Amino acid sequence: MQCENSLPDTFTPEFHDNRAVLQMPHNTLGKTGLKVSKLSFGASSLGNVFRSTNESESIEVVREALRQGINYIDVAPWYGHGLAEKVLGKALDGIPRTAYYIATKVGRYQPEVDKMFDFSAERTLRSVDESLQRMGLDFVDIIQVHDMEFAPSLDIIINETLPALQKVQQSGKARFIGITGYPLGNFRTVLERSTVKIDTVLTYCRACIHDNGLQEYIPFFQERGIGIINASPIAMGLLSNQGPPDWHPATKDIKEACARSASFCRENDCDISKLAMAYTLGFPGIHTTLFSTASLGNLRKNLACANTQLSHKEEDVLKDVIKRYIDPLPVHHWEGVEVDEYKRQLQGVPDEHTFKLG
């Protein structure tokens, strides 16, 4: 897959920075025909998912991201329990609707464990209307099932949620349908069994320095013309100098290996987050990679990564990190950890984790 550098259909002369848009690589998202920026904006930060944010700065971050060539935005009602969509709606007000593509999700909602997930057809249809109202939009480009691994059974996703999304699509409220989640095997199951046409998949933390498991599934997705959306190149903080938040679901082994990797990078005057972003953006087969921030400074750092190559020293440090700390890991993912914790919470067993992402 070769990135294109011509102007996408979303280019709007009176709004965009022409030079920045030309510099941003683009890929066609599967068979959707959407020519999306290689780097895209995840709006979870607008919902105070990672930290308390300043709404005015958040709004400017969205507008600046779009002006500078990002044309794909991903959000969900789960992020801030509606807050991210509301702030995003304010940010998009006045921007031509043709200047961006936007995706939201259904299925994951409230912080209370018994109200967190609902994949029923009725709630799905209602959720789409709520999201459109919060964002002030008539339609989204992609409507996605959020974290389908938390459904009591994938049968519910296949027989109830996806047919409801097909009705949404037929009504004109969404152009395409996607599925999201962390366990990779679920994508194969749902894509093979669904009678509803699925256009995109979104997973996170699976095309990173610590875990390249997505690579195994890319040929399967490509054979079906599925758009491949990747999220969280720094693995929800694992691959950063600050380290992950307390609620991060990674195993102790993975957390320790990533912490040692970050320390090794610092000792060699390298930023592990920069190496992580470069690794993910160089991952073959991915159409777009989502990052999230509510900081203008962090936005500019991420934008710079889209067009900056690693130095020879940074490439050598990256290779050393993988060889020394990542390759020895017996398991590189945490599939099942969050679902097991969720089930324990449903049963009333106290739990130290708070589910914030997915």
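This report walks through a few places in a predicted model.

## Before you start

Residues are counted from 1 along each chain, in the order the sequence is written. Because the model is predicted, local features need pLDDT of at least 70 and side-chain atom pairs count only at pLDDT 80 or more, while totals for chains, interfaces and linings use all residues; side-chain values use heavy atoms, with hydrogens and water left out.

## Glu85, tucked into a helix

Let's begin with Glu85, which sits in helix H3, residues 83–92. Helices (H or I, at least four residues) and strands (E, at least two) are DSSP runs numbered from the N terminus. Is Glu85 buried or exposed? Glu85 counts as buried because its relative accessibility is 0%; buried means under 20% relative accessible area, exposed over 50%, and partly exposed in between (1.4 Å probe, protein chains only).

Which side chains make polar contacts with the side chain of Glu85? One is that of Ser131, at 2.8 Å, and another is that of Arg134, at 2.7 Å. A polar contact is a pair of N or O atoms within 3.5 Å; within protein, one must be able to donate a hydrogen and the other to accept it, and residues adjacent in sequence count only if both atoms are side-chain atoms. Leaving aside residues up to four places away in sequence, Glu85 also touches others, including Val75, Pro77 and Met135 (contact means heavy atoms within 4.5 Å).

## Glu160, in another helix

Glu160 belongs to helix H5, residues 154–170. With a relative accessible area of 33%, Glu160 is partly exposed. A polar atom of its side chain lies 3.0 Å from the backbone nitrogen of Ala121. Not counting residues up to four places away in sequence, Glu160 touches Phe119, Ser120, Ala121 and Asp155.

## Two loop residues with positive phi

Now for two loops. His81 lies between strand S4 (72–74) and H3, and its phi is near 55 degrees, a positive value in a residue other than glycine. Asp269 is found between helix H8 (252–267) and helix H9 (272–281), and its phi is also near 55 degrees. His81 counts as partly exposed because its relative accessibility is 37%, whereas Asp269 is exposed at 68%.

## By class: a cavity lining

The lining of the second largest cavity has six nonpolar, one polar and three charged residues. Here Ala, Val, Leu, Ile, Met, Phe, Trp, Tyr, Cys and Pro count as nonpolar, Asp, Glu, Lys and Arg as charged, and the others, Gly among them, as polar. Among the lining residues are Phe150, Trp334 and Gly336. A cavity is a set of points on a 1 Å grid over the protein atoms alone where a 1.4 Å probe fits but cannot get out, and lining residues have an atom within 4 Å of a point.

Notes. On a 1 Å grid over the protein atoms alone, a cavity is a set of points where a 1.4 Å probe fits but cannot get out, and a pocket is an open set with protein on both sides within 12 Å along at least five of seven lines; lining residues have an atom within 4 Å of a point.
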